[in-house]
Amino acid sequence: MAEISLSFDNGPNPEATPRVLDIGANHGLFAIFAALRGAKVAAVEAQATLAGLVEVSALANGVDVEVYHNAVLDVPAVVEIAELGASDDSNEGGTASLGAARGEVKMAQVRTASVDLVASEVFG
């Protein structure tokens, strides 16, 4: 079992946190910051638009971030989430995407991946 650390400080230190897994990466701010600080970074984001934004941000900042367009769940599945901006401009993803009523907003199907799977693929 790999050791997992949570960071609430000024960001990763390459010696203490050489590898970072950003779950629910959203716009990629933490992922990009960690990569700029020298960490090997993987970002997981269920919203296709946001996952693409993280990829573009990594390129623009000259860092490597491995981006996974998946929802995180402990079993393999396909889940439905509201597409970003599907209901109105306030839908920024996250848990609001899961609570959308079917038929009211455009839904997208997303494959799930477990934390263990992503971590083992990226970090070995």
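Colleague: Is Ser57 buried or exposed?

Modeller: Ser57 is buried in this predicted model. Its relative accessible area is 18%, and the cut-off for buried is under 20%.

Colleague: Where does Ser57 lie?

Modeller: Ser57 is part of helix α2.

Colleague: And what does Ser57 touch, leaving out residues up to four places away in sequence?

Modeller: With those set aside, Ser57 touches His27 and Ile32.

Colleague: Ile32 is in α1, then. Which residues of α1 are buried?

Modeller: Helix α1 covers residues 29–36. Ala31, Ile32, Ala34 and Ala35 are the buried ones. Seen down the helix axis, the buried residues fall within an arc of 165 degrees, so they line one face of α1.

Colleague: Which residues are exposed on the other side of α1?

Modeller: Leu29 and Leu36 are exposed there.

Colleague: What covers the buried residues of α1?

Modeller: The cover includes strands β1 (19–23), β2 (40–44) and β3 (65–68), and also helix α2 (48–60).

Colleague: What about the stretch just after α1?

Modeller: Gly38 is found there, with a positive phi of about 105 degrees.

Colleague: Which residue other than glycine has a positive phi?

Modeller: Asn26 is one, with phi near 55 degrees. Most residues other than glycine have a negative phi. Asn26 sits in the loop between β1 and α1. Asn26 counts as partly exposed, because its relative accessibility is 26%.

Colleague: Change of topic. How many residues are in the largest nonpolar core, and which touch the most other members?

Modeller: That core has 15 residues. Val41, Ala43, Val54, Val63 and Val65 touch the most other members. Each of α1, β2, α2 and β3 supplies at least two residues of the core. The largest share comes from α1, with four residues.

Colleague: Why would nonpolar side chains be buried together?

Modeller: As a general rule, nonpolar side chains tend to be buried together in soluble globular proteins.

Colleague: Take Ala43. What is Ala43 in contact with, leaving aside neighbours within four places in sequence?

Modeller: Ala43 is in contact with Asp22, Ala25, Ala31, Val54, Val65, Glu66, Val67 and Tyr68. Another core, of seven residues, lies apart from the largest one. Val44, Tyr68, Val122 and Phe123 are among its members.

Colleague: Now the sheet. In what order do the three strands of the open sheet stand?

Modeller: The order is β4-β6-β5, and the pairing is mixed. β4 (71–72) and β5 (78–82) are at the edges with a single partner strand each, so one side of each has no neighbour in the sheet.

Colleague: In which sense do β4 and β6 pair, parallel or antiparallel?

Modeller: β4 and β6 (residues 107–113) pair in the parallel sense, over two bridges. Val72 stands opposite Ala113 in β6.

Colleague: Back to the whole protein. How many helices and strands are there?

Modeller: The protein has four helices and six strands. From the N terminus on, the elements run β-α-β-α-β-β-β-α-β-α.

Colleague: How much of the protein do buried residues make up?

Modeller: Of the 124 residues, 35% are buried. The accessible surface comes to about 7,800 Å², and carbon and sulfur atoms account for 53% of that surface.

Colleague: Last one. Of the contacts between residues at least 6 apart in sequence, how many join residues at least 24 apart?

Modeller: The share is 58% of those contacts.

Notes. Residues are numbered from 1 along each chain as its sequence is written. This is a predicted model: local features need pLDDT of at least 70, side-chain atom pairs count only at pLDDT 80 or more; totals for chains, interfaces and linings use all residues. Side-chain values use heavy atoms; hydrogens and water are left out. Buried means under 20% relative accessible area, exposed over 50%, partly exposed in between (1.4 Å probe, protein chains only). The arc is that of the directions from the helix axis to the C-beta atoms. Contact means heavy atoms within 4.5 Å. A nonpolar core is a set of buried Ala, Val, Leu, Ile, Met, Phe, Trp, Tyr and Cys residues joined through side-chain atoms within 4.5 Å. Accessible areas come from the Shrake-Rupley method with a 1.4 Å probe; for residues, only the protein chains shown count as cover. Two strands pair if DSSP finds at least two bridges between them.
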